[in-house]
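I opened my notebook to look up a few things in this structure.

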Amino acid sequence: MKYHLITLGCQMNLSDSERVISVLDKAGYTWTDNEEEAGMIGILACSVRQKAIDKVYSRIYKWNKWKNHKNLITFISGCILPDDHEKFLKLFDITFQMKDLPKLPEMISRYGVTTPVHLKAGIDPHNENIEEFWNVKPSYQSDFEAFIPIQNGCDKFCSFCAVPFTRGREVSRPSKDILAEVALLVSQGYKSITLLGQNVNSYGLDKKGEEITFSELLREVGELGNRMNKEFWVYFTSPHPRDMTDEVIEVISQYPVLAKQIHLPMQSGDDKVLIRMNRKHNMEKYRQIVHSIRRILPEATLFTDIIVGFTGETKEQFENSRKAMEEFQFNMAYTAMYSPRPGATSHRWEDDVPLEEKKRRLHELTEELRKHNRIYNHNLLGKTVRVLVRGEDRKEGFLSALTEGKLIVRFPAENEDLTGKFADVKITSASDFSLEGELVKVEELV
């Protein structure tokens, strides 16, 4: 039987999809890019944004109509709120939590003999048996970039966030397994590795005395890089300001393989809004972390997440977010308009910022980001930067690459064999959100 899988949401869902593909391939099913010829279609959903859930409904209604003239099995998993999960029970043939992935072939074989298959009607908050899922060898979808989950779930309970209700409480993956996967990938020639978790810098806190801390995990990765003598970059996402320490930043500064790029979600630049968000950090704490990054890792790029139009956010409170963006001069900010999610605490509160005002605030932050990016990028003119080539650019005749700090660089090249290799590029022009240059040389450590 041929199958097709659609993945929505963040890098964690992308990482999960690699394990889903591995399980289905091992069970004898065959991947197809064409969902219309598939006998089985799955989707990894994301309840964090309403738009992503709307896509799920659009797809399943279409697929269920196809069942009028063809045999088709549908399944769903991923990051799903309990309310959404209950509705999907009636729409999909198979629903399961990601920790139960190893049982998926059995569920498929039982389908049609019994009723539609659902292991549990709710979300398990304790992530029991999650290690069975982690033990599934992923089918990596790139031969030079990879994602490695180091934990699952979240204990922070931000009032706007669905994750504790979709993935349960924090559980850390054994460090020996993480390090073994890093070593395997590097030995196979991978150049970019991202450690994934909803709260990576609280890694190990759920197993005090039994596991190492996040800074110690990074140090072990750095030491592994020194021993293997290969060029690769290791990233992590996402940390929480509450658990971010100078020790983490100092470890990154000590090892070449630990990428000099920090993604530090701020969410709002106003202390009162942060309290309503239950973020458990204030702007002074955030400011101290940024100062430490600038002092210890002056070459690092800084990314963030910001929500505009959160319940009750006044124009003055939004202005504090704009001022924070001006102060910290982020290299990238993933900004989003607030949308209530059923199950999250803030869903009970009135969504009182009009959509047009949210759009205006989003635009204003984008322009602020654009202004600082323009200055930063223009300062790179004439300099030679190390990049990892990722493939063809949208501009014909050009390849697209990322710097260690995840800045986009394009350069003219006819040789697509450069994809997945490191190269040096001299920057010749700069725009607000990308750079352009010319190839200087391609060089790899062996």
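My entries on salt bridges, aromatic rings and surface charge follow.

**Entry: salt bridges**

I am working with a predicted model. I searched the whole structure for salt bridges and got 35.

I looked up arginine 173 first. Its side chain meets that of glutamate 181 in a salt bridge, 2.9 Å from N to O.

Next I checked lysine 99. Lysine 99 pairs with aspartate 100, and their closest N and O atoms are 3.4 Å apart. Lysine 99 has 4% relative accessibility and counts as buried. Aspartate 100 is buried too, with a relative accessible area of 5%.

Then I turned to helix 13, residues 355-378. Lysine 371 and glutamate 368 form a salt bridge there, at 3.2 Å from N to O. They are 3 residues apart in the helix, so about one helical turn separates them. Lysine 371 is partly exposed at 34%, whereas glutamate 368 is buried at 6%.

I also noted a network of salt bridges. It links Glu313, Glu357, Arg360, Arg361 and Glu364.

**Entry: aromatic rings**

How many aromatic pairs does the structure hold? I found 14. I looked at phenylalanine 160 and phenylalanine 310. Their ring centres are 6.3 Å apart and their planes stand at 80 degrees, so I logged the pair as edge-to-face. Phenylalanine 160 sits in the loop between strand 8 and helix 6, and phenylalanine 310 in the loop between strand 13 and helix 12, so the pair ties together parts 150 residues apart in sequence. Phenylalanine 160 is buried at 12% relative accessible area. Phenylalanine 310 is buried at 0%.

Phenylalanine 214 and phenylalanine 236 came next. Their centres are 5.1 Å apart with planes at 85 degrees, so this pair is edge-to-face. Phenylalanine 214 lies in helix 8 and phenylalanine 236 in strand 11, so the pair connects parts 22 residues apart in sequence. Both phenylalanine 214 and phenylalanine 236 are buried.

I wrote down one cluster. Ring pairs join Tyr57, Tyr61, Phe88 and Phe92.

**Entry: surface charge**

I came back to helix 8 for the surface. A patch of negative charge gathers Glu216, Glu220, Glu223, Glu247 and Glu250. Which helix gives the largest share of the patch? Helix 8 does, with 3 residues. Helix 9, residues 246-254, supplies at least two. Glutamate 223 is in helix 8. Glutamate 223 counts as partly exposed, at 32% relative accessibility.

Methods:
Residues are numbered from 1 along each chain as its sequence is written. This is a predicted model: local features need pLDDT of at least 70, side-chain atom pairs count only at pLDDT 80 or more; totals for chains, interfaces and linings use all residues. Side-chain values use heavy atoms; hydrogens and water are left out. Patches are made of residues with over 30% relative accessible area and no salt bridge: like charges are joined within 9 Å, nonpolar side chains (Val, Leu, Ile, Met, Phe, Trp, Tyr) within 5 Å. Accessible areas come from the Shrake-Rupley method with a 1.4 Å probe; for residues, only the protein chains shown count as cover. A salt bridge is a side-chain nitrogen of Lys or Arg within 4 Å of a carboxyl oxygen of Asp or Glu. Lys and Arg count as positive and Asp and Glu as negative; His and the chain ends are not counted. The place of a charge is taken as NZ of Lys, CZ of Arg, CG of Asp or CD of Glu. Helices (H or I, at least four residues) and strands (E, at least two) are DSSP runs, numbered from the N terminus. Buried means under 20% relative accessible area, exposed over 50%, partly exposed in between (1.4 Å probe, protein chains only). Rings of Phe, Tyr and Trp (its six-membered ring) pair if their centres lie within 6.5 Å; planes under 30 degrees apart count as stacked, over 60 as edge-to-face and the rest as tilted.
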